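Please read it alongside the sequence and the model.

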Amino acid sequence: MATATNTIFPWRDTYSVGIPQIDSQHKGLIRLINDLQTAMMEGKGKQALSSIINDLIRYTESHFAFEEALLQQRRYSALAAHKQEHKELTRQVHELRDKFQSSELTISMDVMKFLKNWLASHILERDKAYAKELNQ
């Protein structure tokens with residue numbers, strides 16, 4: 001597993017939304033992105049990288065479903081827009097996986113930065129918005 005000193009995406013307290021289950025899931029997503037970076041840097045083969053990408057997709061979909069159920073239960077005012085963003089993010093990650101599996105794309109630092117920026121901006125902008133509303 002990647003260590004905090006060599007990871008592309010260390011966890012920072014600023015990512016916390018103040019909901020322990022969500023923070024834990026976000027840490028899991030960050031860990032998978034870091035695992036993918038480590039595998040890429042170690043020159044792991046396509047099968048190993050594909051396995052991590054598939055784990056990342058499964059975990060993302062599970063996390064989004066959990067988050068949406070929680071937001072629906074708590075009557076989050078911007079749920080429809082949040083669900084739409086989840087749908088778009090899921091589409092982008094599926095597209096990345098499909099391009100990788102068909103050799104149209106290699107896992108590079110650009111791809112790693114995309115994944116990091118994708119998750120960090122989603123947490124810091126969208127998830128922090130619901131956290132602010134739900135934690136009032």
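A residue is called buried when its relative accessible area is under 20%, exposed when it is over 50%, and partly exposed in between (1.4 Å probe, protein chains only). Buried residues account for 43% of the 136 residues in the protein. The model is predicted, so local features need pLDDT of at least 70 and side-chain atom pairs count only at pLDDT 80 or more, while totals for chains, interfaces and linings use all residues. Residues are numbered from 1 along each chain as its sequence is written, and side-chain values use heavy atoms, with hydrogens and water left out.

**Fold and dimensions**

- The protein has four helices and zero strands, where helices (H or I, at least four residues) and strands (E, at least two) are DSSP runs numbered from the N terminus.
- Read along the sequence, the pattern is α-α-α-α.
- The radius of gyration is 15 Å, close to the 14 Å from the globule rule for 136 residues, so the protein is as compact as a globular protein of that length. This radius is taken over C-alpha atoms, and the rule is 2.2 Å times the number of residues to the power 0.38.
- The C-alpha trace spans about 45 × 30 × 20 Å along its principal axes.
- Of the contacts (heavy atoms within 4.5 Å) between residues at least 6 apart in sequence, 74% join residues at least 24 apart.

**Surface and charge**

- The accessible surface is about 7,500 Å², and 50% of it belongs to carbon and sulfur atoms. Accessible areas come from the Shrake-Rupley method with a 1.4 Å probe; for residues, only the protein chains shown count as cover.
- The mean positions of the 18 positive and 17 negative charges lie 2 Å apart. Lys and Arg count as positive and Asp and Glu as negative, with His and the chain ends not counted; each charge is placed at NZ of Lys, CZ of Arg, CG of Asp or CD of Glu.

**His63**

- His63 sits in helix α2 and is buried, at 1% relative accessible area.
- The side chains of His63 and His26 form a polar contact of 3.2 Å. Such a contact is a pair of N or O atoms within 3.5 Å; within protein, one must be able to donate a hydrogen and the other to accept it, and residues adjacent in sequence count only if both atoms are side-chain atoms.
- Apart from neighbours within four places in sequence, His63 is in contact with Ile22, Gln25, His26 and Leu29.

**Tyr76**

- Tyr76 lies in the loop between α2 (46-73) and α3 (79-101).
- With 9% relative accessibility, Tyr76 counts as buried.
- Beyond neighbours within four places in sequence, the contacts of Tyr76 include Arg126, Tyr130 and Glu133.
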